[in-house]
Amino acid sequence: DLINMDTFTQILELDEDEDDHDFSKPMVWEYFEQAEKTFLDMDHAVEKKDLPQLSSLGHFLKGSSAALGLSRVQDSCEKIQHYGHLRDEDAKKDLTADEAFNAIVKMLKRVQLQYNEAQLWLKDFYGDEAA
């Protein structure tokens, strides 16, 4: 699923006002800014072929995505995290640096599409284009 509704609903329950979403909406818009900066940092790390940094950034974005219930983004970021450690957990095997780098580049394209899809869903949910 794109969004884990159990997790997202728990965040919505923290809103004091269900109409203006005084807690959850700013949290989601902060996530957008954080994710976009992380993607830029990932692009720079790709340019340098910095696998440990890519793993770290994948771990970071995995956590913030999980907190909002963005399941697909979370799962893809977890893969990036593992690839950065030269590991393919799905195949249960170690990777060479080149294999890991190529897997990250491919997964990064996927996660950016998943993020865009989640962002559109969230903006539609809040009926808004800006905070």
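Modeller: Start with Leu86, which counts as partly exposed because its relative accessibility is 31%. Buried means under 20% relative accessible area, exposed over 50%, and partly exposed in between, with a 1.4 Å probe and protein chains only. One caution: this is a predicted model, so local features need pLDDT of at least 70 and side-chain atom pairs count only at pLDDT 80 or more, while totals for chains, interfaces and linings use all residues. Numbering starts from 1 along each chain as its sequence is written, and side-chain values use heavy atoms, without hydrogens or water.

Colleague: Fine. Where does Leu86 lie?

Modeller: In the loop between α4 and β1. Helices (H or I, at least four residues) and strands (E, at least two) are DSSP runs, numbered from the N terminus.

Colleague: And what is the phi of Leu86?

Modeller: Near 60°, a positive value in a residue other than glycine. Most residues other than glycine have a negative phi.

Colleague: Which residue takes a positive phi just after α2?

Modeller: Lys49, at about 55°. Lys49 is not a glycine either. Its place is the loop between α2 and α3.

Colleague: Is Lys49 buried or exposed?

Modeller: Exposed, because the relative accessible area of Lys49 is 52%.

Colleague: Zoom out. How many helices and strands are there?

Modeller: The protein chain has 5 helices and 2 strands. Their order from the N terminus is α-α-α-α-β-β-α.

Colleague: What does the C-alpha trace span?

Modeller: About 50 × 25 × 20 Å along the principal axes. The chain has 131 residues, and 42% of them are buried.

Colleague: Take α2. Why does its end-to-end distance agree with a helix of 25 residues?

Modeller: Helix α2 covers residues 24-48, so at 1.5 Å a residue it should span 36 Å, and its end C-alpha atoms are 36 Å apart. The expected span is 1.5 Å times one less than the number of residues.

Colleague: What do the buried residues of α2 pack against?

Modeller: Against α1 (5-12), α3 (51-68), α4 (71-84) and α5 (97-126). The buried set in α2 includes Val28, Trp29, Tyr31, Phe32, Phe39 and Met42.

Colleague: So what about the core? Which members touch the most others in the largest nonpolar one?

Modeller: Val28, Tyr31, Phe39 and Leu70, out of 36 residues. Each of α1, α2, α3, α4 and α5 supplies at least two residues of this core. The largest share, 11 residues, comes from α5. By definition, a nonpolar core is a set of buried Ala, Val, Leu, Ile, Met, Phe, Trp, Tyr and Cys residues joined through side-chain atoms within 4.5 Å.

Colleague: What is Leu70 in contact with, leaving aside neighbours within four places in sequence?

Modeller: Leu2, Ile3, Tyr31, Ser65, Ala118 and Leu122. Contact means heavy atoms within 4.5 Å.

Colleague: How much of the contact set joins residues at least 24 apart?

Modeller: 67%, among contacts between residues at least 6 apart in sequence.

Colleague: Now α4. What covers its buried residues?

Modeller: The cover includes α2, α3, β1 (87-88) and α5. Among the buried residues of α4 are Val73, Cys77, Ile80, Gln81 and Gly84. Its span agrees too: 14 residues should give 20 Å at 1.5 Å a residue, and the end C-alpha atoms are 20 Å apart.

Colleague: And Ser55, where is that found?

Modeller: In helix α3. Ser55 counts as buried because its relative accessibility is 2%. Not counting residues up to four places away in sequence, Ser55 touches Ile80, Gln81, Gly84 and His85. Its C-alpha atom is 8.8 Å from that of Lys79, 24 residues apart along the chain.

Colleague: Change of topic, charges. How far apart are the mean positions of the positive and negative ones?

Modeller: 12 Å, for 14 positive and 29 negative charges. Lys and Arg count as positive, Asp and Glu as negative; His and the chain ends are not counted. Each charge is placed at NZ of Lys, CZ of Arg, CG of Asp or CD of Glu.

Colleague: Last one. What does the accessible surface come to?

Modeller: About 7,600 Å², with 49% belonging to carbon and sulfur atoms. Accessible areas come from the Shrake-Rupley method with a 1.4 Å probe; for residues, only the protein chains shown count as cover.
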